[in-house]
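Colleague: I have some questions about how the terms are applied here. Please set each label against its definition.

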Amino acid sequence: SFLARCAGGVRRLAFARHAVQSSLARSMTPATSVFAQNAVKATEIRFNSSTAEQVDVPSNFVVDDVEALHEAPASDFDDALLLRADNSEKIMPVIALGTTDADNEDDSSSAGDSVSQEVAVLDNRVFGVPIRRDIVHRVVVWQRARWRAGTAHTKTRAEVSGGGKRPWQQKGSGRARHGSIRSPLWRGGGKAHGKKKRDFSFKLNKKVRQMGLRVALAAKWREGNLFVVDVDGVSSPRTKDFVNALEDKNVYEEDGSVMFIDGDDVHENVTYASENLPWFSAYPQRGANVYAILKHHRLFLTRSGLEQLTDRLTRH
């Protein structure tokens, strides 16, 4: 049984420890022999007392109540819950980034109490899918493989210039035989099994790629890092005004990055205002990808970007 094998290994370890202590004690002075014994004792092994009752424990095994093999800490996420579809109704308020709160209050007071904030309804076919981390991993690996240039190139012995003549005769010189000074054994010779230009990209089915994008969007929704914004009111291309608008709406984090997805083209003033912001990345809808969504902390979608993304990912 397993415990019997453990007991046999423990006895052999104890015998080896005793042999080392005896040999060191005979060959060293009293001061150094004490140091050697302490060094051997430093290999003490601690494990649970419940296991010690079933095994013949030698002297260098310290038995205490400390758990040597404990259970892994509980995860912050419920894996079973993540693998379930979320079919709840998803209604997001549309945040207007072009005006301040004071402007909104003036507009609402002038229009009357019947005016309410615009909302956007998220499609469960996109934002309610199960969180399949395996699919996301496959898509990210596929993306990064396509980005690799594959231009690394080394020369073999046949491609290095020179080395056509034998450096010396086969026999009689007393030196090792060589047929070329461009052999991989020589300095300045060719590279054996070196890197060659290649294409690292591989095929990934379109349905898998679309599923990975849906999972990434659904993950942002479940994290609470998805926002629907309206940038039609962004009238200034100044970076300071744009950052102030984000701070007024409480959607700005100093240490967090933002991915902004618009429709066919990114809003012109948003493009100019965000060029100086290293934490803000603006993409058209066709540029939305899994790697960028995972890389950024928060995701901003415009109304047009949301509609086009939903249509793109639900079209059969």
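Modeller: Start with pairing: two strands pair if DSSP finds at least two bridges between them. The model is predicted. In it, six strands form an open sheet with mixed pairing, in the order β4-β3-β5-β8-β6-β7.

Colleague: Why do β4 and β7 stand at the edges?

Modeller: β4 (119-122) and β7 (280-283) each have a single partner strand, so one side of each lacks a neighbour in the sheet. Neighbouring strands of this sheet are turned against each other by 30 degrees on average, with direction ignored.

Colleague: How do you know that β3 and β4 pair?

Modeller: The requirement is at least two bridges. Strand β3 (residues 90-96) and β4 have four bridges, in the antiparallel sense, so the pair meets the definition. Ala-120 in β4 is the bridge partner of Met-92.

Colleague: What makes α12 a helix that packs on the sheet, and which strands does it touch?

Modeller: Contact means heavy atoms within 4.5 Å. Helix α12 (residues 303-314) touches β3, β4, β5 (226-230), β6 (258-261) and β8 (298-302). The direction of α12 makes about 95 degrees with that of β8.

Colleague: Which residues have the most contacts inside the largest nonpolar core?

Modeller: They are Phe-127, Leu-217 and Leu-301, in a core of 36 residues. Helix α8 (residues 206-223) gives the largest share of this core, eight residues. Leaving aside neighbours within four places in sequence, Leu-217 is in contact with Val-126, Phe-127, Ile-293, Leu-299, Leu-309 and Leu-313.

Colleague: What is in the second, separate core?

Modeller: That core has 19 residues, including Leu-97, Val-229, Leu-246 and Val-266. Residues of a core are joined through side-chain atoms within 4.5 Å and are buried, which means under 20% relative accessible area.

Key
Residues are numbered from 1 along each chain as its sequence is written. This is a predicted model: local features need pLDDT of at least 70, side-chain atom pairs count only at pLDDT 80 or more; totals for chains, interfaces and linings use all residues. Side-chain values use heavy atoms; hydrogens and water are left out. Helices (H or I, at least four residues) and strands (E, at least two) are DSSP runs, numbered from the N terminus. Axes are lines fitted to C-alpha atoms, for helices over the stretch in contact, and angles run from 0 to 180 degrees between N-to-C directions. Buried means under 20% relative accessible area, exposed over 50%, partly exposed in between (1.4 Å probe, protein chains only).
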